[in-house]
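The structure is shown first.

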Amino acid sequence: MGKRGYIYALLAALLAGMLLGFTFGGVFIDEKKPASAETPEKTEQPPEDLYSRQRSGQAGSSDRLERELPSSGVSGVEERVLLEGTQWETSLFIIRGEQPDPKMLVLGGVHGDEPAAYWSGDAAGKLRLRKGTLYVIPHLNEVARMKGTREGLGDINRKFPGNPSGDPEQRLCWEVTKLIREEGIKMVLTFHEALGFHSEPPYHPGQTLYYDWDVNPYAGTPLTSKANQIIRTLNARIAANPRGYREKELFTTHVDPIPTSATYELMRGVGVDYAFGCEVCKNNERERRVWFHLAALTSWMELEGFVIENWAEVERNIWSGLYTAI
Ligand SMILES: [Zn+2]
C-alpha cells in the first residue's frame, strides 16, 4: 500500500469508528437524521432541558431542538399520583412521543424484596420518546419496599384485576386496570427478580421472560412467538455487551399461568394482547440487573416501533450507578 493508500485506510477507519461510536447502544437513533445532528455536544444535552424548553415555549437554537419541538405540543412527560395521601401513594409517568402509538405499560417495584425491579422502574421513567407512549409506574408497591418484604398487606401480584372498593392494594391494581382500559394499552411488561438462574441448580427463573400461556386465549395473540422475537434481540445485545457476559445470563422463555397475577388478569379480562414478566437473577451486581431489565424493555419497544431519544444516556446512567444508589 502506498502512502496515499495508508491515508485513505486511516480515514476509512476513523469514519467507521465514528459511526460505530455514535450508534453504539443506540439502536433507536433515527436513521433519517442527518449525521451532523449527532455531534457529541448536542447528545450530551440533558433531555430534561429539551422538555422544559418545549413546555415554556422557548425554541432552541440548534437544528436538533427545532426539529424536536412537537407541532401538536403533546410530546413530553405527565406525572399522575395514584392513591394520593395514603401510604400506597405512588407516581405514574406518561411519556409521550409526537405520535401516540404504540403504547406500552411498565410496572416496576411489584415485590418489596426485589430492589432491582424498583431501580429499573426509575430508569424506565427516564426514557424519552419521539414515537409512542410509555406508561411507567416505577414503584407499584411502596409499602412492601419500605418493609423490605415481598408483600405489603398481601401479595399485590395476586390482587389483579383489583377492586375499586377493596383494600389499598386492590385499589391500586384497579387504577392499573382502569388506565389500561381508558388508554387502550395492549402491551404490559412487569419487572421482577428471582433468586437464581434458569440454567443452573436450583433452577430459579432468573433471566426469563415469564408469561401465562403460549397463546393468549382471550385475544389469540401468540405470546411465545413474540417472547422469542424479543429474546433474539435481547440476547444479541447481551452477547455484545462490552462489559462481557456469561452464558447463563442469556434469556429464555418460561410459561406458567398464575391467576390473579398482573400478566394473567390484564390479558384475561382487561384486553391486553401481550403481557410479560421480566425476571432477572438477583445474584448479580446491581447495575447488571437494571441493565438486563432495561435491555429487555427497550428490545421489545424497538420491535414494536417505538423511537427512543435517549437510550444511550439512560444506559450510561445505569452503568454509572445513578439508579442503584438509593
Ligand atoms: Zn416479583
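## Overall architecture

The model is predicted. The protein chain contains eleven helices and nine strands. Of its 326 residues, 40% are buried. When contacts between residues at least 6 apart in sequence are considered, 68% join residues at least 24 apart.

## The largest nonpolar core

The largest nonpolar core has 72 residues, and the members that touch the most others are V106, V188, L209, L266, V272, F276 and L294. Helix α10, spanning residues 286–304, gives the most to this core, with nine residues.

L209 illustrates how such a member is surrounded. With residues up to four places away in sequence left out, L209 touches A227, I230, I231, F251, T253, H254, F276 and C278. F276, one of these partners, is also listed among the core members that touch the most others.

Two packed helices are described by the angle between their axes and the distance between the axes.

| Helix pair | Axis separation | Crossing angle |
|---|---|---|
| α10 (residues 286–304) and α11 (residues 311–319) | within 9 Å | roughly 160° |
| α5 (residues 115–124) and α10 | within 9 Å | roughly 55° |

How are α10 and α11 oriented relative to one another, parallel or antiparallel? The axes of α10 and α11 cross at roughly 160°. An angle over 145 degrees counts as roughly antiparallel, and α10 is therefore roughly antiparallel to α11. The crossing of these two helices is right-handed. On the α10 side, the contact involves E287, V290, W291, L294 and T298, which meet W311, V314, I318 and W319 of α11. By class, the residues of this contact are seven nonpolar, one polar and one charged.

For α5 and α10, the axes cross at roughly 55°. This angle makes α5 oblique to α10. The crossing of α5 with α10 is right-handed. From α5, residues A116, W119, S120, A123 and A124 take part, and they meet R286, R289, V290, H293, L294 and L297 of α10. This contact comprises seven nonpolar, two polar and two charged residues.

An α-helix has 3.6 residues a turn, so residues three or four places apart point the same way.

## Helix α5 and residue A117

Helix α5 is mostly covered, with eight of its ten residues buried. The buried residues are A116, A117, Y118, W119, S120, G121, A123 and A124.

A117 belongs to this helix. Is A117 buried or exposed? A residue counts as buried if 20 or more other C-beta atoms lie within 10 Å of its own; A117 has 31 and is therefore buried. Apart from its neighbours within four places in sequence, A117 is in contact with G108, G109, V110, H111, F191, H192 and E193. The C-alpha atoms of A117 and V280 are separated by 8.8 Å, although the two residues are 163 residues apart along the chain.

## Backbone features in the loops

One joins F160 and P161, with omega about 10°. P161 lies in the loop between α6 (142–147) and α7 (168–183). Another joins P201 and P202, with omega about 5°, and P202 is found in the loop between β5 (187–194) and β6 (208–211).

The loop between β5 and β6 also holds Y203 and Q207. Y203 has a positive phi near 55° and is not a glycine. Q207, likewise not a glycine, has a positive phi of about 65°.

Terms used. Residues are numbered from 1 along each chain as its sequence is written. This is a predicted model: local features need pLDDT of at least 70, side-chain atom pairs count only at pLDDT 80 or more; totals for chains, interfaces and linings use all residues. A nonpolar core is a set of buried Ala, Val, Leu, Ile, Met, Phe, Trp, Tyr and Cys residues joined through C-beta atoms within 7 Å. A residue is buried if 20 or more other C-beta atoms lie within 10 Å of its own, exposed if 12 or fewer, and partly exposed in between; C-beta atoms are placed from the backbone. Helices (H or I, at least four residues) and strands (E, at least two) are DSSP runs, numbered from the N terminus. Two residues are in contact if their C-beta atoms, placed from the backbone, lie within 7 Å. Axes are lines fitted to C-alpha atoms, for helices over the stretch in contact, and angles run from 0 to 180 degrees between N-to-C directions. Angles under 35 degrees count as roughly parallel, over 145 as roughly antiparallel, 65 to 115 as roughly perpendicular and the rest as oblique. A crossing is left-handed if the near helix is turned anticlockwise from the far one by less than a right angle, and right-handed if clockwise. Ala, Val, Leu, Ile, Met, Phe, Trp, Tyr, Cys and Pro count as nonpolar, Asp, Glu, Lys and Arg as charged, and the others, Gly among them, as polar.
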